[in-house]
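Here is a short briefing on one protein chain. Look through the structure first, then read the points below.

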Amino acid sequence: MLIIADDLTGAAEIGGIALRYNLTVDIVHRLDQNAMVDVLVLNTNTRSLATEQVVPHLESLFGDLDRTVFGFIYLKFDSALRGHIARELVFYKDYFGFESAVFCPVNPALGRVIKNGHYIVNGKWINQTSFSDDPEFPVNESQVLAILGTPEWKLVSDFSTIYVETGIVVPEIENTLQLEVLVRNISDSKLLAGSAAFFNLLLGEKFQLYQDQTEKHVVLKYPLLYVCGSAHEDNNNRIAEVNPEYVVYLDERDGIAKELVQKLEANTKAVFAVSPSLRGSAGEIRQTMAEVVAEVYDRVTIKDLVIEGGATSYEILMALGIEAMTPVQEIQPGLIKSKVKDKELFVTLKPGSYPWTNELWAF
């Protein structure tokens with residue numbers, strides 16, 4: 001199976017779901033047609049690109065791929081509709097030769113559903129939530145097709161006939177039961193895309209669940225570095241509650257890497273976060289954070305790296321020269337621990353809008 005994700009935390013989330021079904025899985029940043037795993041998850045990192053960069057990047061990434069190598073293809077996008085979804089979905093539909101596609105972004109377990117054409121998060125229209133303040137993809141509409149900019153796509157509510165629908169369709173899903181009905185009526189002859197919840201149920205139709213999704217004991221190794229690169233509203237308050245002895249903020253000062261090294265050597269754990277007062281583009285901030293982490297890693301043998309925010313995670317892994325990881329534990333849905341190939345390093349990735357667990361946030 002080839003799963004294509006537009007950011008790193010989404011790729012990791014898919015990896016965690018594959019573990020539920022006892023499938024072998026690797027997360028990569030470059031396509032490997034000879035990968036010896038059941039599920040190959042490719043992170044394209046397109047969510048961090050400018051609109052005009054997306055298609056050229058995908059064309060260079062896929063090149064002369066033998067499309068028959070993979071028996072099942074799924075596109076993982078953000079359940080809050082952030083990213084270049086329409087542009088990418090059309091590209092993949094044409095590239096892989098599908099006549100039609102189903103885009104199902106909902107995740108009822110997180111309160112993210114579609115009702116009467118509107119995208120709803122925990123009972124509110126999405127443009128009335130913190131997603132309206134997203135620094136890169138602010139959501140100013142609640143109508144799904146308006147958010148996506150695709151008036152030609154079709155919203156459907158009768159899932160019993162979805163197998164005959166043409167073009168690109170978006171199912172109106174209000175709960176998990178409806179999502180299950182959709183999956184039972186779907187066909188692999190269509191290009192399937194959307195949320196991790198949709199992918200999980202699709203796998204459930206093919207494989208037997210291997211383990212439950214209950215939270216498992218988290219083993220942390222030290223030195224441990226937390227990197228908080230998400231702009232989600234809860235982050236500043238959570239970090240502000242941590243003893244300042246453990247926290248270093250990215251701001252305009254020099255010597256930030258040195259300060260982080262000192263805190264790791266003194267306390268064996270530290271938090272690296274963006275100062276609320278720092279101004280600058282999100283891309284520049286991510287790149288600076290990655291450069292600092294790489295400098296720290298050269299001076300301290302970090303054993304556990306916990307990163308919040310998919311785009312930040314990608315920049316850091318690139319700065320550390322990490323091209324592939326193997327998921328080893330799904331701590332909870334969306335919160336995935338992976339082993340870095342050829343390094344004594346574990347990396348745990350967390351989407352910015354997903355909750356922490358008390359065991360993982362060790363303060």
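A residue counts as buried under 20% relative accessible area, as exposed over 50% and as partly exposed in between, using a 1.4 Å probe and protein chains only. By that rule Phe198 is buried, because its relative accessible area is 0%. This is a predicted model, in which local features need pLDDT of at least 70 and side-chain atom pairs count only at pLDDT 80 or more, while totals for chains, interfaces and linings use all residues. Residues are numbered from 1 along each chain as its sequence is written, and side-chain values use heavy atoms, with hydrogens and water left out.

**Overall form**

- The protein has 10 helices and 18 strands; helices (H or I, at least four residues) and strands (E, at least two) are DSSP runs, numbered from the N terminus.
- Its C-alpha trace spans about 65 × 45 × 40 Å along the principal axes.
- Of the 363 residues of the protein, 57% count as buried.

**Nonpolar cores**

- A nonpolar core is a set of buried Ala, Val, Leu, Ile, Met, Phe, Trp, Tyr and Cys residues joined through side-chain atoms within 4.5 Å.
- The largest such core has 113 residues, and Phe62, Phe96, Phe103 and Phe272 have the most contacts inside it.
- A second, separate core has 17 residues, including Tyr226 and Leu335.
- Apart from its neighbours within four places in sequence, Phe62 is in contact (heavy atoms within 4.5 Å) with Ile4, Leu31, Leu42, Phe91, Tyr92, Tyr95 and Phe96.

**Aromatic rings**

- Rings of Phe, Tyr and Trp (its six-membered ring) pair if their centres lie within 6.5 Å; planes under 30 degrees apart count as stacked, over 60 as edge-to-face and the rest as tilted.
- The whole structure holds 18 aromatic pairs.
- One aromatic cluster is formed by Phe62, Phe91, Tyr92, Tyr95 and Phe96.

**Helix α9**

- Helix α9 (residues 282-299) has 18 residues.
- Its buried residues are Ile285, Arg286, Met289, Ala290, Val292, Val293, Ala294 and Val296.
- Among the elements that cover these buried residues are α8 (256-267), β14 (269-274) and α10 (310-319).

How values were computed: The expected span of a helix is 1.5 Å times one less than its number of residues.
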